[in-house]
Amino acid sequence: FPSHDNGISAWQLPQWKVTSTVQYTFKEKFIFSSEMHMWGSRVARSLTPVGNDVKANENGFYDFTLKPLFDLGLKGEYRYNKRLSVWCQFGNALGLKYRMWSGFPAQRFLAIIGASYSF
């Protein structure tokens, strides 16, 4: 992984990513799916101090490491017919606190409901 000192880093990009999606369809009417994301630690840079233990580098920037993250999303859908369906989706279903990008905390728990109709 590139060093902080030489200025060569893929800023905000994880060392590794794992994504998994599982979908189950029951009687062609009910669709359940789950999406899991795991990211490794990421090197980030800021113009302002992010924490007490972060020190400025020789260029005046603050380099720090974002912690690895785990995110689980769930979705359920009922298809009345080929044109009409209703669905419910949960983002960060475990309500974990993490930062996907520096300075931008993830929504702790997100629930969305909706309907779709095709013309």
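Colleague: Which ring does the charged end of Lys29 sit over?

Modeller: The charged end of Lys29 sits over the ring of Tyr80, and it lies 5.8 Å from the centre of that ring. Please keep in mind that this is a predicted model. A second case of this kind involves Lys75, which lies over the face of Trp87 at 5.4 Å from the ring centre.

Colleague: How many aromatic pairs does the structure hold?

Modeller: The structure holds four aromatic pairs, and one of them joins Phe26 and Phe30, whose ring centres are 6.4 Å apart. To read such a pair, one looks at the distance between the centres and then at the angle between the planes, where under 30 degrees counts as stacked and over 60 as edge-to-face. Because the planes of Phe26 and Phe30 make an angle of 40 degrees, which falls between those limits, this pair is tilted.

Colleague: Why does the pair of Phe30 and Tyr78 count as tilted?

Modeller: The planes of these two rings stand at 45 degrees, so the pair is tilted, and the centres are 5.1 Å apart. Taken together, Phe26, Phe30 and Tyr78 form one aromatic cluster.

Colleague: Why does Phe26 count as partly exposed?

Modeller: The general idea is to compare the relative accessible area with two limits, because under 20% means buried and over 50% means exposed. Phe26 has 36% relative accessibility and therefore counts as partly exposed. Phe30, with a relative accessible area of 35%, is partly exposed, and Tyr78, at 30%, is partly exposed too. For the protein as a whole, 23% of the 119 residues count as buried.

Colleague: In what order do the strands of the open sheet stand?

Modeller: One begins by counting the elements, and this protein has zero helices and nine strands. Five strands form the open sheet, in the order β1-β2-β5-β6-β9, and their pairing is antiparallel. The edge strands, each of which pairs on one side only, are β1 (17–26) and β9 (110–117). On average, neighbouring strands of this sheet are turned by 15 degrees against each other, if direction is ignored.

Colleague: How many bridges join strand β6 to β9?

Modeller: Eight bridges join β6 (residues 84–91) to β9, and the two strands run antiparallel. To find the place in the model, look for Gly91, which stands opposite Leu110 in β9.

Notes
Residues numbered from 1 in each chain as written. Predicted model: local features only at pLDDT ≥ 70, side-chain atom pairs only at ≥ 80, totals over all residues. Heavy atoms only, no water. Pairing = 2+ DSSP bridges. Helix = DSSP H or I, 4+ residues; strand = E, 2+ residues; numbered from the N terminus. Axes fitted to C-alpha atoms, helices over the stretch in contact; angles between N-to-C directions. Buried < 20%, exposed > 50% of the residue type's maximum accessible area, 1.4 Å probe, protein only. Phe/Tyr/Trp six-rings, centres within 6.5 Å; stacked < 30°, edge-to-face > 60°. Lys NZ or Arg CZ within 6 Å of the ring centre and 35° of its normal.
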